[in-house]
Amino acid sequence: MDFQLSDEQQMMQTVAREFAQREVAPIAAEFDASGEFPFETIRKAGELGFMGVEVPPEYGGAGLDAISYVLMLEEIAAADAAHATIMSVNNSLYCGGILQFGTEEQKQKFVRPVASGQAIGAYALTEPQSGSDAASMRTRAALAADGTHYVINGKKSWITSGPVADYMLLFAVTDPEKRSRGISAFIIDCREPGLVRGKTEPKLGIRASATCEIELVDYRCPVEHRLGREGEGFAIAMQVLDAGRIGIAAQAVGIARAAYEASLAYAKERKAFGAPIGSFQMIQQKLADMKCRLDAARLLTWRAAWLREQAKRDGRRYTLEGSIAKLTASETAMFCAHAAVQIHAGMGYSKELPVERYFRDAKITEIYEGTSEIQRLVIARQETGLR
Ligand code: CAA
């Protein structure tokens, strides 16, 4: 057991912190207000390797480990959760999926542009009528008579980065008789005809990360762009989400940390009844509870990331630990953001400080990449072995 980060991990944490505080934190409020996609900072982050942290250099990435990834994501999220969402989807859901299941040609063609920050990736699983019950999707991919391509029709919803994505990992039914075993995965080039983007969703939080519905109308996907074999799509989607959930845990830790650090500083500076409010036991209790939950969430996130790193060598599963980290960290982000608003009182409710943004941004971490209810279901199924 060693809690000491390696020199490289510490260096990447510092690089990410400096970048986040210099480039991201100063624009976060403005982009939150406008809901505009932060192309410029995402491009700069991409040049530094932030969009393909675990992607080997031969595919355009930084070639770092899973621990470095969560450290860097925490730093970005502590400055702005919306940037962290874009980073997490590019890294875990898009690049991670193709890296793990793609052919050499698919990795060269589809990972490189996203990992190097020149293009944006997305992940299309959810549909208007299927969120938590992902296997009940209706989007249909039918193999053409000549066997060269699939024709895809259907609607995907809540697609993070959907309005701006260049490429997308998409899941569709190839054999309706087989439910989850009849789903396949496809790499979609969003610039090809047949992909229609809906309006950008107006959201409570992570407002600068654009989200929309995607409709596929007779979209022609070449057979060589199918990821994995026919029928393997659902298992691929779930394994990609195992990794994605660790990223969301890191994002939640970043939001929780920002809320805690703001509260700590405010508790020392704000005076009431002739003393800093941090000297009052009711504020101390809040700070102590925030700190305990924050440390616990971060350690669970690091454990899950460590297991993911081992899995690259021995193929072990980390479904359980990823869900534990995501559940704990997202509820910690909500807890800390809620306490931070209360500690700041009127100022916590004001848009003059970022605390109200942490509160709005924290909520999504309990919803996307599997709600807290789904994480509990996954944890209980893993523990009991029952379905
Ligand atoms: N790894 C490998 N295989 C897995 C797996 C995993 N983590 N989870 C399930 N599978 C396999 C099962 O072993 C099973 O295989 P067999 O058919 O060979 O037995 C198959 O997949 C079906 O599994 P289940 O019977 O458990 O499937 P289910 O229908 O009961 O659903 C679920 C399970 C956990 C509820 C799943 O549907 C789920 O995770 N739902 C939540 C979906 C989700 O997280 N959506 C988020 C959308 S993405 C998003 O938010 C992205 C964004 O833009 C930010």
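Helix H6 contributes six residues to the shell around the ligand, the largest share. In this predicted model, H6 spans 233–269 and is one of the elements that give two or more residues to that shell; the others are helix H4 (81–101), strand S3 (149–160) and helix H10 (372–384). In total, 28 residues surround the ligand, and the closest are Ser132, Thr160, Arg181, Arg245 and Arg387.

A polar backbone atom of glutamate 369 lies 2.9 Å from a ligand oxygen atom, and a polar backbone atom of glycine 370 lies 3.0 Å from an oxygen atom of the ligand. For threonine 319, an N or O atom in the side chain is 3.4 Å from a nitrogen atom of the ligand. The ligand taken alone exposes 1100 Å², and the protein buries 79% of this area.

The shell can also be placed within the domain assignment, which divides the chain into domain 1 (7–120), domain 2 (122–232) and domain 3 (234–384). Domain 2 and domain 3 each supply at least three residues to the shell around the ligand.

Domain 1 and domain 2 also meet each other. Their C-alpha centres are 23 Å apart, and the contact involves 27 residues of domain 1 and 21 residues of domain 2. About 2000 Å² is buried between domain 1 and domain 2, with carbon and sulfur atoms giving 69% of that area. On the domain 1 side, Tyr94, Phe110 and Ile120 provide 27% of the area buried against domain 2, more than any other three residues.

Technical notes. Residues numbered from 1 in each chain as written. Predicted model: local features only at pLDDT ≥ 70, side-chain atom pairs only at ≥ 80, totals over all residues. Heavy atoms only, no water. Near = heavy atom within 4 Å. Polar contact = N/O pair within 3.5 Å; in protein donor to acceptor, adjacent residues only side chain to side chain. Areas by Shrake-Rupley, 256 points an atom, 1.4 Å probe, with all protein chains shown as cover. Helix = DSSP H or I, 4+ residues; strand = E, 2+ residues; numbered from the N terminus. Domains from an automatic or database assignment. Contact = heavy atoms within 4.5 Å. Buried area = accessible area lost by both parts, 1.4 Å probe.
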